[in-house]
Amino acid sequence: REDLWVREGKILNPEKLFFDEKGSADVQLDCKDSIIAPGFIDVQINGGFGVDFSLATDDFKSGIDLVSQKILSHGVTSFCPTLVTSPPSVYYQVLPQISVRNGGAHGAGILGAHLEGPFISREKKGAHPEHCLRTFEAGAFQDLLATYGSLDCVQIVTLAPEMRRSSEVIRELTKRGICVSLGHSVANLSQAEEAVQHGATFITHLFNAMLPFHHRDPGIVGLLTSDKIPAGRRVFYGMISDGIHTNPAALRIAHRAHPTGLVLVTDAMAGMGLAPGRHTLGQQVVEIDGLNTYIAGTKTLSGSVATMDTCVRHFQEATGCSVETALEAASLHPAQLLGIEHRKGTLNYDSDADFLMLNDSLYVQATYIAGEEVWRQDVSGM
């Protein structure tokens, strides 16, 4: 129940204003008992509103602009556009069109791309097209560069750590400040631990597209309670909290085992925000039926159509956690994962004034980026 002071796009420590400058606020806003929370950060979103980030189109830029505009109403103030496994030609066309940029009235900020695949396991490919999967051959890291073309705007790479020569690739990516995530994998626990020792810090959609937990070898899931994590390091894990991809009991198990590592992701695809029916996810056709999304003609789950605010509400309801904990899983934790918690994901002094107003049921009422209102629910409830 305090004031939040904002100046020049940053959250201000008012002490300096009061005592040194003897100033006061130029504009005052009554938040009418709303909760003020840091803006949400989505580190895995494949598209939405008819736009698919894994399709190389002439108007790709306008597609990414549309998604960044539309997710403001769901509380997302920055995101990592995510590409699923694609042929090299797609990376060569799409990646140069993604640039890191600040958010604003035009839409949520872009933190860099998340490349999910193609260096993943055939057995756990999920909705990724098998003919595009690749392994690390003679060149290892050079193979990765040849596949993607450029790593200039890349923030996260998801790969399967059991692949031969993955360790050197993880080291090279980490050296460049790129976050390595483990996923779509049949790795056992010691392979996963080795990947973390080489620099991996994230797990892509925990429980989905990996070996199920087994008491003698818990696989990647075992990283949540591993005692082989280097000192001072934290492993984060993404969860699709849409009530479809992960049973609420599994969500509770993960959260209780390692609460400070949980990062909510939507894994949303082109069909988010659209009517049920057929849509795309990269090279595949997918069918949406309610909140279920399958590769057409199969029962293979493929991405989600959940929005971030829905995931936050479902997470809070499923785990019974505090409101603060639910909000931090979508803001503070992804910021810590990407090493930007000094700028994003909190309401601390000097951080970016990206914040939301929510009601007590955690429905977004207004979204602010750099202290400017960029979306507000109109009075008619639209």
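Predicted model: local features only at pLDDT ≥ 70, side-chain atom pairs only at ≥ 80, totals over all residues.
Colleague: Which residues does UniProt list for "binding site"?

Modeller: The unreviewed UniProt entry lists Glu-116, His-184 and His-205 under that term. They are spread over 90 residues of sequence, yet they cluster in space, with a largest C-alpha distance of 11.0 Å. The lining of the second largest pocket includes Glu-116, His-184 and His-205.

Colleague: Why is Glu-116 called buried?

Modeller: Its relative accessibility is 2%. Buried means under 20%, so Glu-116 counts as buried.

Colleague: Where in the fold is Glu-116 found?

Modeller: Glu-116 is in strand S9, which covers residues 113-116.

Colleague: Is His-205 buried or exposed, and how do you know that?

Modeller: The relative accessible area of His-205 is 4%. The cut-off for buried is under 20%, and exposed would need over 50%. His-205 is therefore buried. As for its place, His-205 is in the loop between strand S12 (202-203) and strand S13 (236-239).

Colleague: What makes the pair His-205 and Glu-116 a polar contact?

Modeller: Their side chains are joined at 3.2 Å. The pair of N or O atoms has to lie within 3.5 Å, and one must be able to donate a hydrogen and the other to accept it. The pair His-205 and Glu-116 is a polar contact.

Colleague: Which residues does His-205 touch, leaving out those up to four places away in sequence?

Modeller: His-205 touches Gln-44, Glu-116, His-184, Met-210, Gly-238, Ile-240 and Asp-267. Glu-116, counted in that way, touches residues including Gln-44, His-128, His-184, His-205 and Asp-267.

Notes. Residues numbered from 1 in each chain as written. Heavy atoms only, no water. UniProt positions renumbered as here; feature names shortened; annotations may be inferred. 1 Å grid on protein atoms, 1.4 Å probe; cavity = no way out; pocket = protein on both sides within 12 Å on 5 of 7 lines; lining within 4 Å. Helix = DSSP H or I, 4+ residues; strand = E, 2+ residues; numbered from the N terminus. Buried < 20%, exposed > 50% of the residue type's maximum accessible area, 1.4 Å probe, protein only. Contact = heavy atoms within 4.5 Å.
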